[in-house]
Amino acid sequence: MAAASAAPLAINGAVKMGTTSQAYLDGSRVRETKSLISELCRQFYHLGWVSGTGGSITIKVHDDSIPKPQQLIVMSPSGVQKERMMEDDMYVLSPCGSVLSEPLAKPWPYKPPKCSDCGPLFLKAYEMCNAGAVIHSHGMESCIVTMINPSSKEFRITHMEMIKGIQGHGYYDELVVPIIENTAHERELTESLAQAIKAYPKTTAVLVRNHGIYIWGDSWISAKTQAECYHYLFDAAIKLHQLGLDWSTPSHGAIQTRKAEVSAKAGALNNGTEPPRRCIVLDIEGTTTPISFVTDVLFPYARDSVGKHLELTYETKETQDDIKLLRAQVEEDIENNVVGAVPIPSDGEKEDVIAALVANVAAMIKADRKITSLKQLQGHIWRTGFQSKEIEAVVYDDVPEALEKWNALGIKVYIYSSGSRLAQKLLFGNTGFGDLRKYLCGYFDTTVGNKRETKSYIEITESLGVDNPSEILFVTDVYQEATAAKAAGLEVIISVRPGNGPLPANNEFRTIKSFSEI
């Protein structure tokens, strides 16, 4: 193994040559990481991910005494038979990308050693995602799935069990993987990869059309597990497509049948004058669910249970995260002289902290604050109520039938509410009509923005991947939300239900009293 003599790879055009002792480079941690890459590449070869010398993998050298951003990087070489690689074939890089050790040259017919062509992309994933390992696969399914719709910039799938294996996703979530266009040389993909990661901050993978996929995780186990799940989902999508079924909708119904029904339905209802709808986004309060259920059941339950909930779960990471968010919000409220805001002790007794939190939460609920910190805590409290059957969600009688109809027509339905995504899933998963999540493709909350701001609907439009905002119908009971959505180009209908607030006279929006009118 040669010491650092090769040219360094660079991030942002700047590289500092690493200085690491030879003893550490020759030590067990580095050696075990090299051995692990060899073993994984043999597995990946038999899966078809790294055949023909294609594909690659990199893993950071785990060391509890060193922060992850400063850990060394082991990377497989380029242009070698991945299933035949040995420990001595690996490169070791500094955190900034300089080569600290490289393999010795081998006699003919082997090529001179060369670090992976994927190196700049691997380093970008490490830099932007704090990854612990990155896998580049040339798996056939990851290539073909990008060809089914050559103009698509995303791969979307929902209601598949293996989605649960992707970080931050559950069965009822919609998995979205960005697709970037291929280039003649791997390194030329670096900027497109960076743009995709920035545009999709939740993603742990980027597809490259006609090429393959980059997948990362906080450890090699996470990256490998997700890679297996991604390839499974791509394979499932291809097979569903071959059967004429749409993998991107909850029911995975027939593609051609639904398109014909949508066309016929549109013509029957409006003589084809309305734009074709690909998506419907629904508000909850006053739209799918009576406002009274939220104000008379959910809010009081959260208010009355907050103290008990905090007492029982105080030491958990989830509750500590909730407290951290609330503390930051309360500090901002105190600075702005918000009524009801009281200081939360930073180093006080547990009982004092909880008492202050209870007082602040009660004031926030009374004021009907639409803030993420409150909604997140409420979701966690409601989860207990739904799980214990103390709460059963209420939706209007026309909602289940409409969701089923839209789903059969191939129209994707999403929820946008000020309540957290967790709270939305709990509500639709525990209704008197059963679990309605099977009809829903995804959920948006205030993390995408305030519901009365146009930019929030622009963000949703970009997330849904439609060609034109008018392909999205937004249904709400709030005039200001309707105005903001319309300004973003969405089609808008206002829901007029018993107990809803009054609307401005002679407003420009179509109104309905039941989803059966849509």
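Which helix or strand gives the most to the lining of the second largest pocket? I will come back to that after some background.

This is a predicted model, in which local features need pLDDT of at least 70 and side-chain atom pairs count only at pLDDT 80 or more, while totals for chains, interfaces and linings use all residues. Residues are numbered from 1 along each chain as its sequence is written, and side-chain values use heavy atoms, with hydrogens and water left out.

First, the chain as a whole. The protein chain has 15 helices and 16 strands; these are DSSP runs, H or I of at least four residues for helices and E of at least two for strands, numbered from the N terminus. The C-alpha trace spans about 85 × 65 × 40 Å along its principal axes. Of the 518 residues, 51% count as buried, meaning under 20% relative accessible area with a 1.4 Å probe and protein chains only.

Now the pocket. A pocket is an open set of points on a 1 Å grid over the protein atoms alone, where a 1.4 Å probe fits, with protein on both sides within 12 Å along at least five of seven lines; lining residues have an atom within 4 Å of a point. The second largest pocket holds about 680 Å³ of space. It is lined by 28 residues, and the closest to its centre are Val 176, Tyr 200, Lys 202, Phe 444 and Ser 463. Two or more lining residues come from each of strand S7 (154–158), strand S8 (174–180), strand S13 (442–444) and helix H14 (454–464). So much for the background: H14 gives the most, with 4 residues.

Next, one residue. Val 330 sits in helix H9, residues 317–335. Is Val 330 buried or exposed? Val 330 counts as buried, because its relative accessibility is 2%. Beyond its neighbours within four places in sequence, Val 330 is in contact (heavy atoms within 4.5 Å) with Val 342, Ile 344, Asn 360 and Met 364. Ala 505 is 175 residues from Val 330 in sequence and 38 Å from Val 330 in space, C-alpha to C-alpha.

Last, helix H3, residues 119–129. Its buried residues include Leu 121, Phe 122, Leu 123 and Lys 124. Among the elements that cover the buried residues of H3 are strand S2 (56–60), strand S6 (133–137) and helix H5 (190–199). Just after H3, Asn 130 takes a positive phi of about 50 degrees.

How values were computed
Grid points are joined across faces, edges and corners, and a volume is the space filled by probe spheres set on the points. Buried means under 20% relative accessible area, exposed over 50%, partly exposed in between (1.4 Å probe, protein chains only).
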